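Okay, thanks for coming, everyone. Let me put the structure up, and then I'll walk you through a few spots.

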Amino acid sequence: MMPELEAAGEERARLMPFGETLITGTKDQTDGPLKNHRLVTYYGHPNSTNMGILGQMEPDAFMAKLKTQAQAYSNADPFHPAVPTIELIATAAQRDPGSDGNYVRMTSPEQIDKYAKLAEENDALLMLDVQLGKDSVLNQVKSLEKWLKLPYVHLAIDTEFHVGERETPGIDLGQVNGTEIQQAVSYLTKLVEDNNLPDKIVLVHQFTDVALTNKEVIQPTSHVEVALNFDGWGGAAAKMTNYKEYVRNEAVQYGGFKVFYDKDEPVMSPEEVLQLDPAPAVVNYQ
């Protein structure tokens, strides 16, 4: 899957200088977190040990490990200090349609409140992740408005779990059209303006090309930053190639990159992750 020169181990010229996160040809008109910082997130659900590191540790130990991982990125790139970020699955896709037929179960408000408080107490950010099922992106975002009004809370969208008729999340690979992403961007922009909030981030997860279509309509605004996050796991060489294909070559504004502690071979170090071109503005761990 790699270009010949890269596969042969030869160096190629970087498109962007080392550490630079704003993708060439794009602009950031916000005062959002990604403008001068990098987010390092820990992903998961408090009720599941299989969905990410968040559910594998007690909150205090989880936060201590997250801070240590974030500091490693600050050490590797002091020009973009890393902000520890809790990435909590707020709406989890299910194989059971549920009472509303949307194949989604919302995380309890008490649990969201618990991790919102944990983020606030530790000068961290909270990113609420939606898995959609058969619901729309906008409906899911509206269901989280209470928390999105908090100054340190942002949004992530898991595209692969958004399925159509006669499909089931986790069995059939879903997809999201960029128009739905843009509706969420516009909604958050208005939320910021109406409530005098700090600028927000929308992180869009994607591990294959079919999971996110019509990317060209996704446009950051003066109050919302957008990062496309490559989500695949496996060998480092293939992951780097796919990051270039899905993030750099189909640029929106910023890039994100996921590292799997239990599935990647090998697990890339912060220094290796930052060698990506462009350097990810968001690095999430699962």
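So, strand β2 and strand β3 (residues 104-106) are joined by three bridges and run antiparallel. Strands here are DSSP runs of E, at least two residues, helices are runs of H or I, at least four residues, and both are numbered from the N terminus. Two strands count as paired if DSSP finds at least two bridges between them. Within that pairing, Ala93 sits opposite Val104 in β3.

Before I go on: this is a predicted model, where local features need pLDDT of at least 70 and side-chain atom pairs count only at pLDDT 80 or more, while totals for chains, interfaces and linings use all residues. Residues are numbered from 1 along each chain as its sequence is written, and side-chain values use heavy atoms, with hydrogens and water left out.

Back to β2, which has other partners. With strand β4 (residues 125-130) it pairs in the parallel sense over six bridges, and there Leu88 faces Leu128. With strand β1 (residues 38-44) β2 also runs parallel, over seven bridges; Val40 has Pro84 as its bridge partner in β2. To get from β1 to β2 the chain goes through helix α2 (residues 59-76), and this β-α-β crossover is right-handed. Right-handed means that, with the strands pointing away from you, the path from the first strand over the helix to the second runs clockwise.

How much of β2 is buried? Twelve of its twelve residues (82-93), so the strand is largely enclosed by the rest of the structure. Buried is under 20% relative accessible area, exposed is over 50%, and partly exposed is in between, with a 1.4 Å probe and protein chains only.

Next, aromatics. The whole structure has nine aromatic pairs. Rings of Phe, Tyr and Trp (its six-membered ring) pair if their centres lie within 6.5 Å; planes under 30 degrees apart are stacked, over 60 edge-to-face, the rest tilted. Take Tyr42 and Tyr261: their ring centres are 6.0 Å apart and the planes sit at 80°, so that's edge-to-face. Tyr42 is in β1 and Tyr261 is in the loop between β10 (254-259) and α8 (270-273), so the pair ties together parts 219 residues apart in sequence. Tyr42 is buried at 0% relative accessibility, whereas Tyr261 is partly exposed at 25%. Both belong to a cluster linked by ring pairs, along with Phe62, Tyr73, Tyr115 and Tyr285.

That's my tour; over to you.
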